[in-house]
Structure formats: structure tokens, C-alpha cells
Amino acid sequence: MTTEVDARSSAQQTDETFPADDKQQEAERPYDEELVEAEVNGNWTPQEKALHEARLNAKAKRRLRKSSSRNSTSESLSESGDSLGSDPNGLKAKVSSSDRKSRTGKGRGLPKKGGAGGKGVWGAAGQVYEDEELDLQDPNYDESAQGDTVYAKVVPEVDKRDLGKMVNPIVQEYFEHGDTKEVQMLLQGLNLGPHKYEFSSVAVSLSLEGKASHRELTSRLLSDLSVKLLTQSDMARAFDKMLKELPDLMLDTPEAPQMLGQFIARAIADHVLPMSFLDCYKGKVDCDHARVALDRAAVLLSIKGAMVRLDNVWGVGGGLRPVKHLIKEMILLLKEYLISGDVMEAERCLRELEVPHFHHELVYEAIIIVLESKGDTASPMIIKLLQSLWKTGHLTVDQMNRGFQRVYDELPEINLDVPHAHTIMETFVDLCYQESVISKQLRDACPSRGRKRMVSEGDGGKIKN
């Protein structure tokens, strides 16, 4: 009994689902019968024959579509039988919302994309995906999720054209403080690249224009850097470049060939340059200035005990010299001046000592020479020298005052060796004031010793202080 009811309900649903097709088919039957009768009688025109064939083709296509849609509908109804029982009159209620089959009545009724499509689906069942490489250009790329990130400081390489602008201040400051470690730290912060050897040539060229103490500091700097930053090949390239640039260096420093030869000899003694550096240039030098520099280096190295003596090839700079040595140098300078009378030479020797803070010793020793001299020539020559040094700025007000004040303080002791020291001192101070060498205040500070009046001067036999 239940089976018959189900069959009737399914037939009724089928008739209700396609009522329009049956009515259209019944309406076309009388017309088809008329065409068949006309064909039997042989009264068809070509237009009627073509129209008949077209109608037959359209009719066959409708039947095919109707049969395929009926099959898919019956399958979906059989699968969702529970939903049919709840609402037999609504087609939308018969189809589940999670059904992935086509609802237009077309297609083969298979799931979209083979079951691999839809929301929340990551592909077909059983499909294995390979590991994908991370793309830095991906907008969803998360740098923090890729593990530990290591950051490295990148210093751009210094351009050759900007090398001089960056190195010159470092060398000039080194001439002031003399700390090679600070220079090494600054150079490590620069990425000199293949041009690092040019630092040596820049330092040497700047020292050629400076003082002897600057050249001594440069030799020490090259010795310290050759161990940590610069190799012997780098130093050799630097000195080779300077040998080629000697004609240009001589425009500012005429003694550049001799000085460069001393630099080469000192560098070989300090193991900054290889011992075979001079041998590489034998018979291969065309420049006369370069030949002079190499000959100078060869002569210095050929001296007995040259490796030890070359440590003082530039002399001992200014404040590094012992005080006794500086005093001897200044006394020798004054004695040579009294013999030659050359003020310019005396000024040059004073500059080479490089001790401007110790020039008061020159003033002191000059006054002592005047007090101990037996003739009258020393006083005017010393006044001329002091006046020249005062005008050129080699002697400052402080150094002049300190030199005179030291003599004032020691005058009682000097008077033991020079009985007329007070009288000579008063005369010398007055002459210096007249030549504008000292100030009036300094002249008035000169001590004077009063003398005792004797009986012969009419004191009535009494001695007065």
C-alpha cells in the first residue's frame, strides 16, 4: 500500500514539474498531423519541408533536455527523501543548502571542481602540497614570523675623490694629540676599500709641509698601522706613488726628495717596508728627484748601526726633549748669534726647537749673558734679538715677563759672581724699555740695591745707611 502511494506521488510531482511541456506538445500535434497528410499527398513546398525539418530538430532537442533534467531531479529527490516528506510542494526545500550540485538543471550533477572548491576547502581530498619558498615581495610576508633576524651594519665604500676630504682632518688632529689608537679606530669606521694605501701617502705629504715633530709622529703612525690595518704591499704602493708625485710635492716643499728618502729609510728600519724595496728601483728610475730620494735612503741605511740611529732621523720633537738639552740648545743658539749677528738664523733655530712654552728660558739666558759679558757689544745685540723676536711674535708678553722676573728673583745670587750685576741690570732694563721691548711696569719692578755712604763724603765721621 505504501509503495503505490509513493509511485502516485512521484508521478504527480513529475506531471506538476513539467506541465508546460505537455501542453505545448499537445498543441503541436494537430499541426504535425496536417503536415504528414500534406506529405502523403505530395503537396509539400520546399519552404514547408524546411520548416518541418527544423521543427523536428527542435522537438528532439526539447525531449533530450527534458529527459536529462528529469534524471537529475529524480536522483536529487531520491537522495533527499526526508526533505520531500516535510514539504512536497516546494522545490527549494527539497534541495539541501550544502549541496554543491548545479541547481539550474544543467550539467552532469557532479560537484564543482571535483569537490575541491567552495568556502573553507583547501583542495581535493588526498592532495599533498609542497613547501613554498617565501617571497619577499609578497604583501602577506611577515618578517617577524621567519625566526631570528640578524642585522649587519653596512658602511658604503669611500669614493676616491672624497678620500682626501675625509682623511686630512684625521691626520691634522693626530698631529695635535699624537694618539695612534684613535687614528686606528677612526680608520676602522671608514670603508676605504682598495684605496686604503693612499692614507699613508696623504699622511706623509701633509707631514712634509709641517714640522720635524710632525714627521716623527707620521713615522710612528705608519709603524703602528702596518701591523693592524696596512700591509707591506700597501705601504710599498703608497711610497711608489709619492716617488712619482715628487715634482708636484717639490712645489710646496723644495726639500721633499731628501725628506722622502728619510721616510723610506725609517720605514725600512721599522719593518714597514720590505728590505728589498730599494732593490726594485735599481736601474729603473728616470726621474732625477726620485733618484735623489732613493740615494738618500740608501746612504742612511748603509751607516753602521743605522737601524738604531734612524729612530732619531727626525730628531726629538719639542716637548719630548729633556729640559737640560733644551737649555743647552738655547745657550748654543745665543752664542752663535753673538758671533754671526744673523737674526733670521736665530729665529729659524728657535722655531725648529718647537718649544714655544719654553721661550722664557731664552730670555733668561740672554740676560745672564749680558750680565756676565765683559764688553759693551753683547747688550745692544741681545736687545736687537729680543726686539726682533717680540715683533715677529716668537716671544709673547707672558714669556718676556717670566724671563725678566726670573732674573729679578735670582739677582742677589747672581751678584755673588757678578758684583756689578744690579747696575748692569738697571742699565739693560732702561735700554729695553726705550726700545719698547718691555713695559713700564716690568721696568719699575727691577730691584735696585742702595749703597752705603762713606766718611769721605763729609758725614762728620759717621756712617749712614
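**Exercise 1.** At what angle do helix H16 (residues 343–353) and H18 pack, and how far apart are their axes? Determine the orientation, the handedness and the residues of the contact.

*Solution.* The structure is a predicted model.

Step 1. Two packed helices are described by the angle between their axes and by the distance between those axes.

Step 2. For H16 and H18, the angle is about 60° and the axes lie 10 Å apart.

Step 3. Angles of 65 to 115 degrees count as roughly perpendicular, and angles under 35 degrees as roughly parallel. H16 and H18 are therefore oblique to each other.

Step 4. The crossing of H16 with H18 is right-handed.

Step 5. On the H16 side, the contact involves Val-343, Ala-346, Glu-347 and Leu-350. These meet Lys-384, Leu-385, Ser-388, Leu-389 and Thr-392 of H18. Sorted by class, the contact of H16 with H18 holds five nonpolar, two polar and two charged residues.

**Exercise 2.** Describe the packing of helix H17 (residues 360–372) against helix H18 (residues 378–392).

*Solution.*

Step 1. The axes of H17 and H18 come within 9 Å and cross at roughly 165°.

Step 2. Angles over 145 degrees count as roughly antiparallel, so H17 is roughly antiparallel to H18.

Step 3. The H17–H18 crossing is left-handed.

Step 4. H17 contributes Leu-362, Val-363, Ala-366 and Val-370 to the contact, while H18 contributes Ala-378, Ser-379, Ile-382, Leu-386 and Leu-389.

Step 5. In the contact of H17 with H18, eight residues are nonpolar, one is polar and none is charged.

**Exercise 3.** Is Met-242 buried or exposed? Locate Met-242 in the chain and identify its contacts beyond its sequence neighbours.

*Solution.*

Step 1. Met-242 belongs to helix H10 (residues 232–244).

Step 2. A residue is buried when its relative accessible area is under 20%. Because its relative accessibility is 2%, Met-242 counts as buried.

Step 3. When neighbours within four places in sequence are left aside, Met-242 is in contact with Ser-201, Val-204, Leu-249 and Leu-260.

Step 4. Val-204 lies 38 residues from Met-242 along the chain, and 8.7 Å separates their C-alpha atoms.

**Exercise 4.** Summarise the protein as a whole: how many helices and strands are there, and what share of the residues is buried?

*Solution.*

Step 1. The protein has 21 helices and zero strands.

Step 2. Of its 465 residues, 33% are buried.

Step 3. Among contacts with a separation of 6 or more, 66% join residues 24 or more positions apart.

Step 4. The accessible surface is about 30800 Å², and carbon and sulfur atoms account for 52% of this surface.

How values were computed:
Residues are numbered from 1 along each chain as its sequence is written. This is a predicted model: local features need pLDDT of at least 70, side-chain atom pairs count only at pLDDT 80 or more; totals for chains, interfaces and linings use all residues. Side-chain values use heavy atoms; hydrogens and water are left out. Axes are lines fitted to C-alpha atoms, for helices over the stretch in contact, and angles run from 0 to 180 degrees between N-to-C directions. Helices (H or I, at least four residues) and strands (E, at least two) are DSSP runs, numbered from the N terminus. A crossing is left-handed if the near helix is turned anticlockwise from the far one by less than a right angle, and right-handed if clockwise. Contact means heavy atoms within 4.5 Å. Ala, Val, Leu, Ile, Met, Phe, Trp, Tyr, Cys and Pro count as nonpolar, Asp, Glu, Lys and Arg as charged, and the others, Gly among them, as polar. Buried means under 20% relative accessible area, exposed over 50%, partly exposed in between (1.4 Å probe, protein chains only). Accessible areas come from the Shrake-Rupley method with a 1.4 Å probe; for residues, only the protein chains shown count as cover.
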